[in-house]
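The sequence and structure come first.

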Amino acid sequence: MSGPAGDPITAAEVVQGVLVTLVSAIAGAVLGVLWLNLAPRILLISDGKGVYLRNSEGESAIGADGTFVLLALAFGAVAALVVFLLRRRGGVPLVLGLALGGVLGSLLAWGLGAYFGPTSDVVAHAKAVGPNVTFEAPLELNLGAAAMLAWPLAAMIVHLGLTAAFGPRDAEPEAWDQPKAYTQGPGRS
């Protein structure tokens, strides 16, 4: 297997890429906890017959998605910065590790936030708290697929920018050979 300039990809680079994937995925747990604690809550209320939004004009639903996306963008940028600082150059395994780790980290964060957040059984929760009592709706991502791509996209863009700006430069190609002047040899006129 060869890298960008035809250089072979070494086993050490593959191990580094896997390590980046694993660390990024584990960092997703931190993202999930932050999202759970920082995302605005959607408040619901029941009248005994149905469940309604406490504030029908609130922006909490998009706020929860926006919080997740902003946190994921920050995690992607930091992951790319750390990988670049530790490894001062690119490489296919590192970049794939950043991308795959970002997706796995986002999925883990989403799962943790939804699991440890308010229950998803809204009707049972409404019956448990009783009528005219405000309670929290489950934490959801309405922009699920797009939110899952925020971390890997931020990681790719930041890593590309850092590598382009501060990474090692390729050797300059040799100047084209200039045509040699043909001289007349001895005895030629």
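## Lining of the pocket

The lining of the second largest pocket holds 12 nonpolar, 2 polar and 1 charged residues (Ala, Val, Leu, Ile, Met, Phe, Trp, Tyr, Cys and Pro count as nonpolar, Asp, Glu, Lys and Arg as charged, and the others, Gly among them, as polar). The model is predicted: local features need pLDDT of at least 70, side-chain atom pairs count only at pLDDT 80 or more, and totals for chains, interfaces and linings use all residues. Residues are numbered from 1 along each chain as its sequence is written, and side-chain values use heavy atoms, with hydrogens and water left out.

The volume of this pocket is about 320 Å³. Val20, Val23, Val82, Val83 and Leu86 are the closest to its centre among the 15 lining residues. A pocket is an open set of points on a 1 Å grid over the protein atoms alone, where a 1.4 Å probe fits, with protein on both sides within 12 Å along at least five of seven lines; lining residues have an atom within 4 Å of a point. The volume is the space filled by probe spheres set on the points, which are joined across faces, edges and corners.

## Helices around the pocket

At least two lining residues come from each of α1 (11–38) and α2 (60–87); helices are DSSP runs (H or I, at least four residues) numbered from the N terminus. The largest share, 7 residues, is supplied by α2.
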